Amino acid sequence: MQNDTAQIEQIQNKDERAFSLLYDKYAGAIYSVILKMTKDEGKAQNLLQDTFMTVWNKVDTYDADKGRFYTWIYRIAKNKVLNSLRKTDLLIQTEDFSVYENKEEDSNIDSEHLELKGAITMLEAHHKKAIELVYFNGLTHREAHLQMDVPLGTFKSYIRQALKLLRKTYTKTLSFLLLLFNLM
């Protein structure tokens with residue numbers, strides 16, 4: 001938090017380097033939250049960009065006494081996602097009004113989800129917990145290693161080992177895994 005405080009002050013002075021470092025620190029966790037809510041990669045990428053543009057423009061409104069910086073960013077992202085999901089005034093017809101529905105696509109998504117879930121459940125308990133804390137609960141590595149009560153280096157090795165195991169056991173390439181690999 002102390003490191004964030006210095007970076008936040010630099011961002012308030014419009015220091016782009018500090019903003020870039022803060023983005024690198026939180027973008028992965030925020031993106032996974034947005035993607036989980038929208039289930040649309042393109043929309044998630046746009047909402048992530050909108051979220052961090054708001055952070056850049058509104059960083060002066062952040063109050064450390066009210067909560068952690070991550071929580072503040074998370075709420076901005078969540079509100080952006082909810083607002084985008086509420087929009088129903090489509091200007092262009094995007095829905096298919098055909099009589100038949102493509103059930104095959106839905107079943108592929110379900111089977112891929114089950115396969116990924118199965119691969120994660122096969123991990124050792126400490127690997128599984130590390131993945132869950134970072135990629136499903138949205139914690140940073142620094143926050144998660146404290147929660148697991150292990151050194152930061154050990155925690156990061158848990159993540160690397162878990163990702164290697166998932167690569168071996170999970171045969172299909174999902175955007176979720178690409179996101180995980182890009183964060184390393």
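1. Of the contacts in the chain with a separation of 6 or more, 57% are between residues 24 or more positions apart. The model is a predicted one, and the points below should be read as a description of that model.

2. The secondary structure consists of 9 helices and 0 strands. Read from the N terminus, the order of elements is α-α-α-α-α-α-α-α-α.

3. The chain has 184 residues, and 36% of them are buried. Its accessible surface is about 12100 Å². Carbon and sulfur atoms account for 50% of that surface.

4. Helix α2 covers residues 16-38 and helix α3 covers residues 41-58. Their axes come within 9 Å and cross at roughly 140°. Angles over 145 degrees would count as roughly antiparallel and 65 to 115 as roughly perpendicular, so α2 is oblique to α3. The crossing of the two helices is right-handed.

5. Which residues of α2 and α3 make the contact? On the α2 side they are Glu-16, Phe-19, Tyr-23, Tyr-26, Ala-27, Ile-30, Tyr-31, Ile-34, Leu-35 and Thr-38. On the α3 side they are Glu-41, Lys-43, Ala-44, Gln-45, Leu-47, Leu-48, Thr-51, Phe-52, Val-55 and Trp-56.

6. By residue class, this contact of α2 with α3 comprises 14 nonpolar, 3 polar and 3 charged residues. Among those taking part are Phe-19 and Ile-30 of α2, and Leu-47 and Trp-56 of α3.

Definitions and conventions: Residues are numbered from 1 along each chain as its sequence is written. This is a predicted model: local features need pLDDT of at least 70, side-chain atom pairs count only at pLDDT 80 or more; totals for chains, interfaces and linings use all residues. Side-chain values use heavy atoms; hydrogens and water are left out. Axes are lines fitted to C-alpha atoms, for helices over the stretch in contact, and angles run from 0 to 180 degrees between N-to-C directions. Helices (H or I, at least four residues) and strands (E, at least two) are DSSP runs, numbered from the N terminus. Angles under 35 degrees count as roughly parallel, over 145 as roughly antiparallel, 65 to 115 as roughly perpendicular and the rest as oblique. A crossing is left-handed if the near helix is turned anticlockwise from the far one by less than a right angle, and right-handed if clockwise. Contact means heavy atoms within 4.5 Å. Ala, Val, Leu, Ile, Met, Phe, Trp, Tyr, Cys and Pro count as nonpolar, Asp, Glu, Lys and Arg as charged, and the others, Gly among them, as polar. Buried means under 20% relative accessible area, exposed over 50%, partly exposed in between (1.4 Å probe, protein chains only). Accessible areas come from the Shrake-Rupley method with a 1.4 Å probe; for residues, only the protein chains shown count as cover.
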